[in-house]
Amino acid sequence: ARVRDEGEADDFGWGVIINFLKRSNVKKGADGEKYSVDILLCVEAGSSKDRPVPAKRGAAAESLEWRVVPCSLQMLDGISAIKLFVPNDIRALEKRAVVGKSVNEVCRRFPDGPPLLDPFEDLKVEDKDLKKIMRKVEVLDDRISGHPLPKLCEEGGIDLTDLLEAYNQRMQVDKEIKAIKHMVKVGQGIILKDELKKYTRVLRRLGFIDEENIIGQKGRTACEINTADELVVTELIFNGSFNELTPEVTVALLSCFVFDERNDEDINLPEKLKSPFNTLTEIAKNVATITADCKLPVNVDEFVAKFQPNAMMVMYEWCMGKTFAQICTMTSMYEGSIIRCMRRLDELMRQLVAAAKSIGNAELEEKFKVGGSKLKRGVPFQASLYL
């Protein structure tokens, strides 16, 4: 049998099994310690009986001796199929030395190691699962023996044990990183859950959901809109702000939702546009105030200021039938900015048609359709400007 003490990194090499003993005072579950196997091994002469030292390769014969060493099953690294003759009494050092010579002769004849005991041919084991396990062990042994790392360490003078220790430390650090990431993820989940409660409180106060968190008519309308601030737009719809407006003024008012470029130009709106814009700012301020009251991070003034009236007059005149060249002379906005605003506004108008249809407001649906048709015309909506 070949004996290795992995815990102490000792390799005793091949020895002869003399006897085995079943231990009675072993804790339950420690299968590898239930049996003690007495094996005749080559050790350094004079080494402790409790802690024998394996014989070093190339050591003088006078410094070695063959001694019976008790081993646990976990120390057995392989059992050979070769049997050696052992005298009945090997207490004498000379008789142990004779058996040791036989072991050395076997190792000389089999430089790659004596043939191992086959569990199927020699022991007649019929367990199919064991065959699969043995096959996996063989594959892993081949991979380990063919791995270039030991050779590279030997050529570079690097201790493989130090590398393994560094690798184990790396794996431990990776494990700690995963644990910390999991803690961060759990923490984020708690934060998001708290924010979800706040957003739910906002929707409940605005009437988008009821006390049982069931989506109401306002909530279903808001679901149709994703191009603009759905809360403010839906509040305008249900507040009746569009009811008295013409399609042209409606398009102009909705341009405040899609025009997001900074423009320091002074805007003097006529009364027909100024009044709807004031209504928009009041509703936006109410939505922002309720959001802030629900402990969500929002600045009321900044929220209201994002609805800019810079494109209102341009969109109104466009819907009234003026040419693109004429509306370009009315503002300092770039032509590309005007076209981009028109295209986003067209998408918003189509969403509002669907929203009005979802609540069964045919009059408002028709108004949005007419406004969309007045908006979508001419050069800005051509597939290509290279005509």
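**Exercise 1. Locate Lys 295 and decide whether Lys 295 is buried or exposed.**

Step 1. Lys 295 sits in the loop between helix 8 (271-293) and helix 9 (300-305). Helices (H or I, at least four residues) and strands (E, at least two) are DSSP runs, numbered from the N terminus.

Step 2. Lys 295 has a positive phi of about 70 degrees, although it is not a glycine.

Step 3. The relative accessibility of Lys 295 is 62%, so Lys 295 counts as exposed. The classes are buried (under 20% relative accessible area), exposed (over 50%) and partly exposed in between, with a 1.4 Å probe and protein chains only.

The model is predicted: local features need pLDDT of at least 70, side-chain atom pairs count only at pLDDT 80 or more, and totals for chains, interfaces and linings use all residues. Residues are numbered from 1 along each chain as its sequence is written, and side-chain values use heavy atoms, with hydrogens and water left out.

**Exercise 2. Find the setting of Glu 365 and its contacts.**

Step 1. Glu 365 lies in helix 13 (residues 362-375).

Step 2. Glu 365 is buried, at a relative accessible area of 15%.

Step 3. Leaving out residues up to four places away in sequence, Glu 365 touches Val 353, Ala 356 and Lys 357. Contact means heavy atoms within 4.5 Å.

**Exercise 3. Work out the strand order of the open sheet and its edges.**

Step 1. The open sheet has three strands in the order 3-4-5, with antiparallel pairing. Two strands pair if DSSP finds at least two bridges between them.

Step 2. Strand 3 (16-22) and strand 5 (64-72) stand at the edges; each has a single partner strand, so one side of each is left without a neighbour in the sheet.

Step 3. From one strand to the next, the twist averages 30 degrees. Axes are lines fitted to C-alpha atoms, for helices over the stretch in contact; angles run from 0 to 180 degrees between N-to-C directions.

Step 4. Strand 3 and strand 4 (residues 35-44) run antiparallel and are joined by six bridges. Asn 19 stands opposite Asp 38 in strand 4.

Step 5. Helix 1 (residues 93-109) packs on the sheet and touches strand 3, strand 4 and strand 5. Its direction makes about 80 degrees with that of strand 5.
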